[in-house]
Amino acid sequence: MKAGWTTARLDELCSFQNGLWKGKKPPFVHAGVLRNTNFGPNGVLKMEPSAIAQLDVEQRQFEKRSLETGDIILEKSGGGPKQAVGRVAFFPGADSAYSFSNFTTRCRVADRTRLEPAFLHKFLHHCYISGQTEAMQSHSTGIRNLKLDQYKTLEVPLPPLDEQRRIVAKLDDATDFVSKATEAVGVARSEADALRSQILNKAFGQRVGDAPSMELKDVCRFINGRAYKKTEFLDSGPYPVLRVGNFFTNANWVYSDLELDSEKYCEAGDLLYAWSASFGPRLWAGPKAIFHYHIWKVVPNESLVLKDYLFRLLQWDVAQIRNDHGTGATMMHVTKGNMEARTVRIPALADQRAICAEVAAADLEMDALDRALAKKSSELGALLPAILNDLIAG
């Protein structure tokens, strides 16, 4: 810790007040109530009117639980498997009355000549993103609860007040920079997606406009997968079972030891199509596997259509297939009949090879751009915690 800094326990510096229950006893007062859903990135509250619950609450409860500028709202219950409880949000003040829900606690600085509320918020946010609060949570019926007594013992660094304000200003500047840079990366991603669509539209729309029209059933076969009972799934076995849930993710595998007709297996290089929930084609690159009922194996008539061309054509056509033929109240799907009757343009094999080569070359460039954007997003995601850690640690 930097020379001249001191520390004090959080409960020596602040008062705490549990959140608001709506209550049933009049008189009531109308107030906006901030909840866990109002916690945004970097501890910034989402204050859009549509995001805030407007409630009539007991006046007696509200008098103890109204928010003032500089209050810190602490999430004491919530979280989930991928999100620890203990997020904090800074209340910037507002023209109307606000309170906070019973899943949160208000933390209020007692002496602002000693501790700047905005600095305390940055420190508590640092404790959260650095994982310090993860060890302070307990589980109850799926909800995570913060061990508040333990949380209150956090040792808060106390630089001189001017230094606290300087740190807050630097962190605000860094946050603004990262937010703008992240937004720019998002715009670049959108532009890259649009460019990818343009490339595919040119290849499979404009370029093949004069090619003969054929129904898919005339150029390929759709082979049904096998309907399984859960009792037939194994934790391990000779054959992975490819289901819609892991069609694109390669996760949550189950296995089977059943011996089936050869057509009910997929092997490396086979073209598959998920026809429910996760629409779209995939070229299987894994080991010999069994494919589930909600997946077709697509076998092209290679005297008419190349497998690679058919794969890219189906990839391009996914959104339109969903729009034209998607049906089902609980799980959208496309029927085999509709799929087989779908009309597509099939140029000569030489033209198919040329189109696939052009699209493959574009894919290499687009994949390189995707990797660069993903790297930049990762760097931006790590930048702010690193700056926060350096400044808070002195």
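1. Where is the place of aspartate 71? Look in the loop between helix 2 (59–64) and strand 5 (72–75). Keep in mind as you read on that this is a predicted model.

2. Let's stay with aspartate 71 for a moment. Its relative accessibility is 0%, so aspartate 71 counts as buried, the cut-off being under 20%. Its side chain has partners, too. One is the backbone nitrogen of glutamate 68, which the side chain of aspartate 71 reaches at 2.7 Å. Another is arginine 108: the side chains of aspartate 71 and arginine 108 are joined by a polar contact of 2.8 Å.

3. Strand 3 (residues 28–34) and strand 4 run antiparallel, and 6 bridges join them.

4. Proline 26 and proline 27 are joined by a cis peptide bond, with omega at about 5 degrees. Proline 27 sits in the loop between strand 2 (14–18) and strand 3.

5. Now for the pockets. The largest pocket has a volume of about 280 Å³. Helix 3 (117–129), helix 5 (161–206) and helix 9 (349–392) each give at least two residues to its lining, and helix 9 has the largest share, with 5 residues. Among the lining residues are Pro41, Asn42, His125, Thr182 and Leu384. By class, the lining of the largest pocket splits into 6 nonpolar and 6 polar residues, with no charged ones.

6. The second largest pocket holds about 200 Å³ of space. Helix 3 and helix 5 each supply at least two residues of its lining. That lining includes Asn42, Gly43, Phe90, Lys122 and Asp172. What classes do the residues of the lining of the second largest pocket divide into? There are 4 nonpolar, 4 polar and 2 charged.

7. Helix 3, helix 5 and helix 9 are the elements giving two or more residues to its lining. Asn42, Lys122, His125 and Leu388 are among the lining residues of the largest cavity, and the lining has 3 nonpolar, 3 polar and 1 charged residues.

8. You'll find asparagine 42 in the loop between strand 3 and strand 4. Its phi is near 60 degrees, a positive value in a residue other than glycine. With a relative accessible area of 31%, asparagine 42 is partly exposed.

9. Finally, check asparagine 252. This residue has a positive phi of about 55 degrees although it is not a glycine. Asparagine 252 lies in the loop between strand 15 (239–242) and strand 16 (254–256). Buried or exposed: which is asparagine 252? Its relative accessibility is 64%, so asparagine 252 counts as exposed, the cut-off being over 50%.

Terms used. Residues are numbered from 1 along each chain as its sequence is written. This is a predicted model: local features need pLDDT of at least 70, side-chain atom pairs count only at pLDDT 80 or more; totals for chains, interfaces and linings use all residues. Side-chain values use heavy atoms; hydrogens and water are left out. Two strands pair if DSSP finds at least two bridges between them. Helices (H or I, at least four residues) and strands (E, at least two) are DSSP runs, numbered from the N terminus. On a 1 Å grid over the protein atoms alone, a cavity is a set of points where a 1.4 Å probe fits but cannot get out, and a pocket is an open set with protein on both sides within 12 Å along at least five of seven lines; lining residues have an atom within 4 Å of a point. Grid points are joined across faces, edges and corners, and a volume is the space filled by probe spheres set on the points. Ala, Val, Leu, Ile, Met, Phe, Trp, Tyr, Cys and Pro count as nonpolar, Asp, Glu, Lys and Arg as charged, and the others, Gly among them, as polar. Buried means under 20% relative accessible area, exposed over 50%, partly exposed in between (1.4 Å probe, protein chains only). A polar contact is a pair of N or O atoms within 3.5 Å; within protein, one must be able to donate a hydrogen and the other to accept it, and residues adjacent in sequence count only if both atoms are side-chain atoms.
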